[in-house]
Structures are given as C-alpha cells and as structure tokens.
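User: Before I set anything up, could you take me through this structure?

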Amino acid sequence: MKKVVVGIDIGNSTTEVCVAEIDQVSNITFKSSSSVSTTGTKGTPDNIRGIKQALQIALDQIDLKHSQIDRIFLNEAAPVIGDTAMETITETIITDSTMIGHDPSTPSGEGLGIGETILITDIQRANKDQAYIVLVPKEISYEMAAKLINDADQHITGAIVQNDEAVLIQNRIKTFMPIVDEVKYIERIRLGMLAAIEVGTTGRAVQSLSNPYSIANIFKLNPEETKRIIPIAKSLIGNRSAVIVKTPHGEVREKVLPAGKLTIISHNGSFKEVPIDQGAAKIMESISSISQIVHIEGDTGSNVGGMLERMRRGLHTLSNSTMQTISIKDLLAVDVLVPIDVKGALAGEVSLEKAVALAAMVKTDKLPMQMLADALYKELGIQAEIAGVEAVMASVGALTTRGSTLPLAILDLGGGSTDAAIILEDGSAKAVHLAGAGNFITMLIDVQLSLNNLSLAEDIKRHPLAKVESLFYIRLETGEVKFFNEPLSPKLFGKIVVCKENKLIPIETKHNLEKIVMTRKTAKKDVFVQNALRALKQIAAAHDIRTISNVVLVGGSALDFEIPHMILEVLSYYNIVVGKGEIRGTEGPRNAVATGLVLSKVRRV
Ligand code: ADP
Ligand code: MG
C-alpha cells in the first residue's frame with residue numbers, strides 16, 4: 001500500500017509544503033507543493049492557519065483529502081528570530097534662519113543670484129547701487145509682484161516667493177532671474193542680509209550652493225567659517241534650488257547624537273564594547289573578532305537597546321523559557337544616510353543624516369514545535385512529528401539540484417536570517433544562522449528613500465524600475481525602451497515606476513531613477529554579499545572559505561533578480577561553484593526544507 005507523507009517548513013516569512021507518495025520499497029514520488037505567507041510568529045499555534053492553507057493548495061492539485069495523509073513531518077525550526085532597528089547619529093540644526101534648500105517642484109529661472117534681502121514692497125525706496133533679492137510674501141499676488149519687479153530701477157538678482165508662483169512671476173517679468181517658491185516660513189528670513197539664491201540648470205541640481213568653497217567665496221568666509229558651513233552644503237546636495245542667507249549669529253550645526261554602545265560578550269566571559277557612532281565597519285570588526293558570541297547588549301534608552309530588549313521579550317513569551325536562555329547571537333550593521341527634517345528649517349528642508357541600521361538575531365534553546373505538532377493532530381487528526389534540523393534539511397533538499405554533490409554547502413537566503421549549512425561526505429553537518437536578510441534590505445530601501453511604505457519598498461526590491469517618458473513608451477533602468485500600443489494612464493506621465501509583472505506602480509518620490517537603483521543595489525550587497533562571506537567562513541573547515549567547493553542558494557531571497565549574481569561574483573573569486581538551487585528540478589530555490597524532510601525521514605525508516 002502506498003503512503004502519503006507531507007513535509008512542512010515553517011519559516012519566519014513563508015510556510016512551504018510538499019506532498020509525496022511512498023511505496024512499499026520506499027520509493028518516493030513527489031506529487032505537489034505549495035507555499036503561503038506564514039501566519040503569526042514562527043513556532044506558535046497561529047501558524048496552523050497558514051499550514052492549513054498551504055496544505056489545501058497542495059492537496060487540491062492532486063485531488064487528495066486531509067484524511068488520506070498518513071504522516072506530517074515538521075522541521076525543527078531554527079530557533080532564531082530577526083528584527084531590525086536604526087540609530088541616527090547626526091542631526092542638523094539651524095538657528096536664526098540661515099538656509100533654505102528645498103526642492104519645490106517648479107522653481108523658475110536658473111543660475112545664481114546674490115544680493116541683500118528686501119521685502120518686495122520696499123524695493124522702490126532702496127539704494128540703486130546695490131544688488132537685491134526680493135521676498136514675496138503670500139499676500140502679494142504674482143501680478144503685483146511682477147509689476148513691482150518690472151517697475152524697479154534697482155538691480156534685482158533673484159526672488160524668494162511664499163506661494164507656488166515662481167513660473168507665473170517669471171512669465172511676466174522682463175529680466176530672467178532665479179526664483180525659488182513654496183518657502184513656507186518666509187517671514188523668518190531676516191531682511192537686510194546678504195543672501196545667495198540658486199536654481200539648477202535643466203535636469204541638474206544646484207552646483208554652487210552645495211560646494212563649500214563657492215559658499216566661502218560668495219560670503220567671504222575664512223577657513224574656520226568655511227568648515228562650519230559644511231552641513232549647509234551637505235544638506236543642499238541634490239536640490240534643484242537653494243537659498244542661503246548670512247545672518248550675524250545664524251548658525252547651522254551638525255550635532256552628534258548620543259547613540260549608545262554595544263557590548264559583545266564572548267563565551268569565556270570576556271567582552272568588547274563598541275560605540276554605535278563609530279559606524280558599521282567598526283561594529284562588524286568587533287563582532288567578527290569574537291569567535292563565540294554568547295550575547296550582545298545595547299545601552300538601555302538607545303534605539304538599539306530598545307530593539308534588542310523587544311526581541312528578547314517577544315521570544316520569551318513565545319518559548320516560555322527563562323530570559324537567560326534567550327540571547328542575541330549576531331548583529332549585522334550597515335551605514336546609511338537618511339533624509340531627516342532639518343530642525344529650525346524654513347521650507348521643510350531635509351538633510352542627509354548619518355545613521356547605523358542594525359539587524360539582530362535572537363536565539364533560544366528551542367522553539368515549542370512539539371506544541372505545534374500536537375495542535376496539528378488535534379485539528380486535522382493527522383500524526384505530525386518533528387523531524388530534522390532546518391538547516392540540515394535544507395541541505396538534503398538542495399542536494400536534489402542536478403549537478404550538486406557532497407560536500408555541499410547551502411546558503412539559505414530568507415527573510416529574517418541568512419543561514420548556512422554544510423554536509424560532508426560522511427553525512428556530518430554544521431550550520432550557522434546570521435542576522436540580516438531579505439526583510440533588512442526592504443527596511444534599508446524604505447528608510448533611505450524615506451518612503452514610509454514597506455510594501456512599496458518590497459516592490460522596489462523585487463522589480464526593475466523605469467521612467468515613463470511618454471504615454472506610449474517607458475525607458476527601463478537598463479536604458480532599453482519599451483513601447484505600448486494603448487496609451488498609458490496620464491497619471492504615470494513623467495513618473496518613475498516599478499515594473500511589477502504587467503503593472504506599472506508609480507513611486508511618489510523626489511529621488512531620481514539612478515539614486516533609487518543605487519540604493520537598492522547597495523542594500524542588497526551590504527546585506528547578502530557580506531553575510532554570504534561571513535556565513536561560509538564560519539562553516540568552512542579551519543574557517544577557510546576556499547575549502548568549500550559547492551554552494552547552492554535556496555530561500556526566498558534567492559529568487560531575487562540581482563542577489564544570486566552578486567554572490568556569484570564574489571564567490572567566483574574563491575573558485576567556488578555557486579548557483580541558485582533547482583530543488584527536484586521543478587521548484588527553483590524554493591521548498592528545500594520541506595523536500596529535505598520527506599527525503600531524510602523516508603530514507604531512515
Ligand atoms: P523564511 O524561510 O524566513 O520564511 P523565505 O525563504 O520565504 O524566508 O524568504 C523570505 C524573503 O524572501 C523575504 O525577505 C522576501 O522579500 C524575499 N523574497 C521572496 N520572493 C522574492 C523575489 N521574487 N525577489 C526577491 N526577494 C524575494
Ligand atoms: Mg526558510
């Protein structure tokens with residue numbers, strides 16, 4: 001009689017199932033498979049909902065019923081849970097209104113204008129042998145403003161406008177000049193002060209006011225003062241328009257925020273401390289210098305401390321274990337620049353502040369998988385047993401990739417953690433779990449582009465971008481042009497879009513296409529190239545990565561259109577054969593653990 005068995009892999013993000021038939025002589029025939037999003041935290045009874053969905057999908061494909069299943073194999077899920085946080089290190093503060101560097105969608109004119117600030121209604125009375133920049137508050141209509149500018153004999157070099165009317169004014173005046181509009185807090189600009197205003201030429205950002213030496217030249221600054229205006233120049237980089245006003249006491253400061261420190265504790269009780277504001281490289285150096293980390297702590301009160309504590313608590317409730325057995329075993333740090341509102345700004349300016357983003361991994365002794373197996377039996381009446389360690393099962397499943405051979409290493413590129421395992425010819429295995437994976441990349445994209453929208457960030461991660469150049473064609477990020485027979489929605493015109501299957505999803509952002517592509521690629525490299533090397537080093541004989549000959553990539557992030565190539569590129573340097581898994585020749589890099597469970601269990605029986 002044939003028996004029906006099911007392998008189930010409950011991951012942090014995805015629950016995967018495969019159904020197989022086994023005959024009397026233990027021949028295995030895989031019948032179907034499926035995957036759904038994991039419901040609830042991995043290892044909790046909430047998972048049952050997802051398991052049932054996935055089972056149903058797989059069973060429907062082959063017209064089987066629950067009652068025909070003889071046995072379910074659950075993985076001994078790796079007791080790791082990942083989370084992410086960010087600690088901002090610098091803060092730009094303006095006192096006494098000195099800078100406007102915002103990006104209105106429609107500034108007008110171009111080039112640089114230098115002059116003294118004056119209210120437009122006062123211009124007629126002003127001195128004639130001096131240059132002026134006029135301020136146009138919202139009560140003055142664009143028609144009136146244009147008339148006042150045209151009537152004045154004084155030398156006007158530019159205008160700062162409160163309403164969104166730069167173009168309307170420009171169209172009505174005789175001389176062409178840079179005009180910046182949408183300056184919300186125009187009344188905070190001091191009058192009678194030397195100011196510089198710049199609008200970038202078509203398609204370009206400002207060139208002079210983002211260069212510290214140009215600013216020094218305009219305002220006649222000494223070397224000490226030039227050093228102090230660096231935060232101004234920095235926060236104006238990439239803007240289409242900018243204004244700088246020199247006030248006697250005005251100041252822009254870059255304040256370094258107290259960011260706390262991390263304490264990395266080794267198995268022999270020794271520890272290392274590293275201040276977070278020293279940046280990612282220093283943090284990673286400290287982490288890799290300790291061979292067996294038992295715990296990592298963050299200062300209470302800091303974001304990192306808060307995150308680490310939150311993760312520990314979460315896992316604590318989950319596993320009913322004492323707090324002592326839950327520890328943070330690994331961290332991945334990445335330097336980022338995040339656009340943050342400047343304090344004391346005049347027009348909602350943002351500055352790129354330095355920050356360190358961290359992914360952490362909490363580990364406990366064991367997840368309560370038996371509880372889950374019992375619940376499954378109660379709900380479905382099917383015997384469920386826990387069989388095999390996740391990472392090892394992934395390797396057994398990965399071995400069904402044609403062309404792979406023992407000794408075989410796998411990299412499981414998941415959502416919350418990057419796992420690696422190696423199986424040697426004698427069947428012995430070794431596995432590691434590292435912090436940082438697909439979800440961390442999504443967070444890095446979200447914060448660096450200030451999207452505040454994780455599902456959009458996820459789409460940006462997974463799909464290529466394009467610019468809608470006309471209603472009949474788009475230009476893909478590769479430079480290729482794609483034509484359409486039917487006109488696109490006018491709403492998409494001029495927008496940057498994510499090309500998701502047959503849909504074009506517009507991204508509401510001020511960043512250009514190149515910047516978004518670069519952010520996406522850098523995040524992927526920072527996470528997975530770094531983690532691939534860290535993980536393989538830890539499982540390699542004598543920690544020498546060159547002793548590894550074959551690596552199969554599995555897990556959700558191995559489906560990415562760029563990540564496998566990036567890993568291939570760095571590992572080829574070490575002469576390692578690496579590629580995306582083709583589990584059973586049909587599943588791609590998916591279903592490795594579920595497949596491994598069925599294979600290893602049946603073989604042993
Ligand atoms: P887990 O084993 O932890 O449940 P998975 O192996 O399912 O995790 O991997 C989940 C990760 O894979 C998520 O970060 C998700 O964004 C990513 N992912 C899934 N599909 C794709 C895809 N097509 N392209 C890029 N990333 C993907
Ligand atoms: Mg997994």
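Analyst: The conventions come first, followed by the overall fold and then selected local features.

User: What kind of model is it, and what conventions apply?

Analyst: This is a predicted model, in which local features need pLDDT of at least 70, side-chain atom pairs count only at pLDDT 80 or more, and totals for chains, interfaces and linings use all residues. Residues are numbered from 1 along each chain as its sequence is written, chains are lettered from A and ligands numbered from 1 in the order in which they are written, and side-chain values use heavy atoms, with hydrogens and water left out.

User: How many helices and strands are there?

Analyst: The protein has 15 helices and 30 strands. These are DSSP runs numbered from the N terminus, with helices being H or I of at least four residues and strands being E of at least two. Along the principal axes, the C-alpha atoms fill a box of roughly 105 × 65 × 45 Å.

User: What share of the residues is buried?

Analyst: Of the 605 residues, 54% count as buried. Buried means under 20% relative accessible area, exposed means over 50%, and partly exposed lies in between, using a 1.4 Å probe and protein chains only. The protein exposes about 27400 Å², of which carbon and sulfur atoms supply 51%. Areas come from the Shrake-Rupley method with a 1.4 Å probe, and for residues only the protein chains shown count as cover.

User: Why is helix 10 described as largely enclosed?

Analyst: Helix 10 (residues 390-398) is largely enclosed by the rest of the structure because eight of its nine residues are buried. The buried residues include Glu390, Met393 and Val396.

User: Which peptide bond is cis? I mean the one at Pro407.

Analyst: The cis peptide bond joins Leu406 and Pro407, with omega at about -10 degrees. Pro407 is located in the loop between helix 10 and strand 21 (408-413).

User: Now helix packing. At what angle do helix 11 and helix 13 pack?

Analyst: Helix 11 (residues 438-448) and helix 13 (residues 513-539) pack at about 145 degrees, and their axes are 9 Å apart. Axes are lines fitted to C-alpha atoms, for helices over the stretch in contact, and angles run from 0 to 180 degrees between N-to-C directions. The residues in contact include Phe440, Ile441 and Leu444 of helix 11 and Arg520, Ala523 and Lys524 of helix 13.

User: Lys524 is a charged residue of interest. With which residue does Lys524 form a salt bridge?

Analyst: Lys524 pairs with Asp560, and the closest N and O atoms are 3.1 Å apart. A salt bridge is a side-chain nitrogen of Lys or Arg within 4 Å of a carboxyl oxygen of Asp or Glu. The pair links distant parts of the chain, 36 residues apart: Asp560 is in the loop between strand 29 (550-554) and helix 14 (563-572), and Lys524 is in helix 13. Both Asp560 and Lys524 are buried. Lys524 and Asp560 also belong to a salt-bridge network with Glu477, Arg520, Lys521 and Glu562.

User: How many salt bridges are there in the whole structure?

Analyst: A search finds 21 salt bridges. One of them joins Lys52 to Glu379, with the closest N and O atoms 2.7 Å apart. That pair spans 327 residues, from Lys52 in helix 1 (residues 47-61) to Glu379 in helix 9 (residues 369-380). Lys52 is partly exposed at 33% relative accessible area, and Glu379 is partly exposed at 48%.

User: Backbone next. Is Asn591 buried or exposed?

Analyst: Asn591 counts as buried, at 2% relative accessibility. Its phi is positive, about 75 degrees, although Asn591 is not a glycine. Asn591 lies in the loop between strand 30 (577-580) and helix 15 (592-604).

User: What about Asn452, buried or exposed?

Analyst: Asn452 is exposed, with a relative accessible area of 73%. Asn452 has a positive phi of about 55 degrees and is not a glycine. The loop that holds Asn452 runs between helix 11 and helix 12 (454-462).

Definitions and conventions: Contact = heavy atoms within 4.5 Å.
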